[in-house]
Amino acid sequence: MNAPTLSVSHLTKRFGAAATEVVAVRDVSLEVAPGEVVLIMGPSGSGKTTLLLMLGALLRASEGEIRLDGEVLSALPERKLPSIRLRRFGFVFQDFNLLSALSALENVAIVAELAGVRSKDARARATTLLTELGLDRRLHFLPEKLSGGEKQRVAIARALANGPTFILADEPTANLDSKIGHEMMRLLRSIAKEQGRSIVIVSHDQRIKDIADRVLWLEDGQFKEATAMVVDPVCQMRTEQGAAVAAVWDGERFSFCSRGCRDEFLAAPYRFFADAEASGPHEAALREAVRREAALAGARK
Amino acid sequence: MLHLAQRNLFQSRTKAVLAVGGVALAFMLIFSLDAVLAGLEGRIAGFIERTGADVWVAQSGVRNMHMASSTIPRAVVDQVRGIDGVAEAAPVRYLTNVMVKDDERYLAYVIGLPEGATMGIPMKIASGDAYPRPGEVVVDGALRQEGATVGDTVRILGSDFRIGGLAEGLASTLSSLAFIRLDDFDRLLGNATTTSYVLARVAPGVSADEVAARIEAAVPAVTASSTTRFAEQERKVVRDMSTEIAVIMNLAGFLIGLAVMALSIYTVTVSRLPEFGLLKALGASRRHCYGVVLGQAALTVALGFGVGLALTFAASLLAPLIDPLLYMQVTWPSVAKAAAISLVVAGLAAIAPIAQISAVDPAIVFRRKVA
């Protein structure tokens, strides 16, 4: 793993005192690498939002330390935190939370303007981001005229406006239908992978597991288990490594979502390598396998 | 941030119109009262300024006409004529009384002018003559509005006078003017040895103030003032009489404007508190958030100020059509005063919303929908 973007160690948050004390987050440690997508799941009241608020420099921890790109956020004075949030974090919310009086373009540009970018430049930057997200025909629409998916894309563009290294997303698919929700997740993943931004998502949505590099389960303010995710080379589904069906081929171990996928793979492995978008430790082996399989096929002919 | 302030303010046009309209009416109240008073001052001092005289000589200690009484020997006229720098001098008698026409009574300054007067005559005549003949009176539009025409009869100081001319631009809501011959004036009051004032015209290139000083030095028991000073003193008297009313009405306008402003800015801000929470969560500093509120207040006040001023100008054009005596004059000092008031109003109106924003927790955005 590269040097982590975000490093959290022994983070605790208490509310109240003595008999009324509630420990919302208890001794949590976490590291998020550049380009990594981490999904935090857990039941209601487990401390997810409290943890998210602390990670986003919106709530001070009772104990522990948060480092962002090496800087200790938890030690910074209150007056410096808005600037950190503005320049280093991007936020994506469940309810999109766009400013109702501003157009899509202005909702994105205002974040850059707050960071000191000249209005003209901020608008140009916002136009570029929204165009990249397919909203070039919606630039001047007010939020009330946008669909849920469009609003969330505006929110994502806003989160990217100041080029943050870290994006925090709170239930980003909760108000989207299945198809649009899936599109949003793919979008967030591509942002993480192509732009090297780290993303932490808090969600109840099981489908998000598909795009996460890691899934963390928070319960009673603590991480109970961490699940590594793997990509099925046949159907491209992301699957928990522990629950995946495994197979070894050519000295390498591959993981599948089901026996059907495993059997299909073993019948003709080379068929799945050309389009594989798997990344991680298997990628080099897969590419090599494609090359050798193609050579074998040529020799048979 | 001003952009956001503008959008927040105008997203609901009804609310914006109510807010700006309320502030505009408050400013109109301030402007209108000032304009009416300035118009009154202008009209009352206008006669003095347009008499054609350069120096006014009055009884010692008298420096204006309104609410004043002056009696000096008519011989002073000749004394003034003999002073170096004086080109011309003439007596003018003056009395505040009433004119009666068809049982209607009108408060009037009755001015007695000598035959062939070149100073103190009405400058603008709508019909008839500017010079009253014996038994005639030249009156201002106050009577014309009541249907008076040349040839009609009015009663002044118990005697009937034929209207010989109708003047314009001299009467105010406070009083009108009636010009009669000095002989008639003397006959009515029974004393031909005194006058109220002596009007003097100075020789070309001579300072009126300098001549006034010479008159005071040479003629005992008189006060001589240049026309400029005499008119200014007249304005000051009117101003002093209306100061308390003006202060009360300005205060009323200020409080109404403040109440409307504070309520509208507070409503706009409180309805958007979650959005301010969002801005804070995204990284907006308090300065940014306060800037939005102050921007809203400043925009509302600026628009209200502009609309209020425009309405007052419109009212000043319409007022004489409704009542010829109602003359409104918008002055720069009045505009400057209202501008200063507007800054105070905007600042005060923003205090409560700023306190609300200061208290809003940015974490609110993770707990509820903001818009």
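## A helix pair in chain A

Let's start with two helices of chain A: the axes of α3 (residues 104-114) and α5 (residues 148-160) come within 8 Å and cross at roughly 20°. Here axes are lines fitted to C-alpha atoms, for helices over the stretch in contact, and angles run from 0 to 180 degrees between N-to-C directions. The crossing makes α3(A) roughly parallel to α5(A), a label for angles under 35 degrees. The crossing of α3(A) and α5(A) is also right-handed, that is, the near helix is turned clockwise from the far one by less than a right angle.

On the α3(A) side, the contact is made by A:Ala104, A:Asn107, A:Val108 and A:Val111, while α5(A) brings A:Val154, A:Ala157 and A:Arg158. Residues are in contact if their C-beta atoms, placed from the backbone, lie within 7 Å. By type, this contact divides into five nonpolar residues, one polar and one charged. Ala, Val, Leu, Ile, Met, Phe, Trp, Tyr, Cys and Pro count as nonpolar, Asp, Glu, Lys and Arg as charged, and the others, Gly among them, as polar.

## About the model

This is a predicted model, in which local features need pLDDT of at least 70, side-chain atom pairs count only at pLDDT 80 or more, and totals for chains, interfaces and linings use all residues. Residues are numbered from 1 along each chain as its sequence is written, and chains are lettered from A and ligands numbered from 1 in the order in which they are written.

## Chain A as a whole

Chain A has eight helices and 13 strands; these are DSSP runs numbered from the N terminus, with helices being H or I of at least four residues and strands E of at least two. Of its 301 residues, 46% count as buried, meaning 20 or more other C-beta atoms lie within 10 Å of a residue's own. Among contacts in chain A with a separation of 6 or more, 63% join residues 24 or more positions apart.

## A look at A:Phe265

A:Phe265 sits in helix α7 (residues 259-267) of chain A. A:Phe265 is buried because 21 other C-beta atoms lie within 10 Å.

A:Val234 is 31 residues away from A:Phe265 along the chain, yet their C-alpha atoms are separated by 6.4 Å. Leaving aside neighbours within four places in sequence, A:Phe265 is in contact with A:Pro233, A:Val234, A:Ala247, A:Phe254, A:Phe256 and A:Phe272.

## Where the chains meet

At the interface, 20 residues of chain B are in contact with 23 residues of chain A. On the chain B side, α1 (2-10) and α8 (273-282) are the elements that give two or more residues. The largest share, five residues, comes from α8(B). This side of chain B divides into 11 nonpolar, five polar and four charged residues.

How values were computed: Contact = placed C-beta atoms within 7 Å. Parallel < 35°, antiparallel > 145°, perpendicular 65-115°, else oblique. Buried ≥ 20, exposed ≤ 12 C-beta atoms within 10 Å, placed from the backbone.
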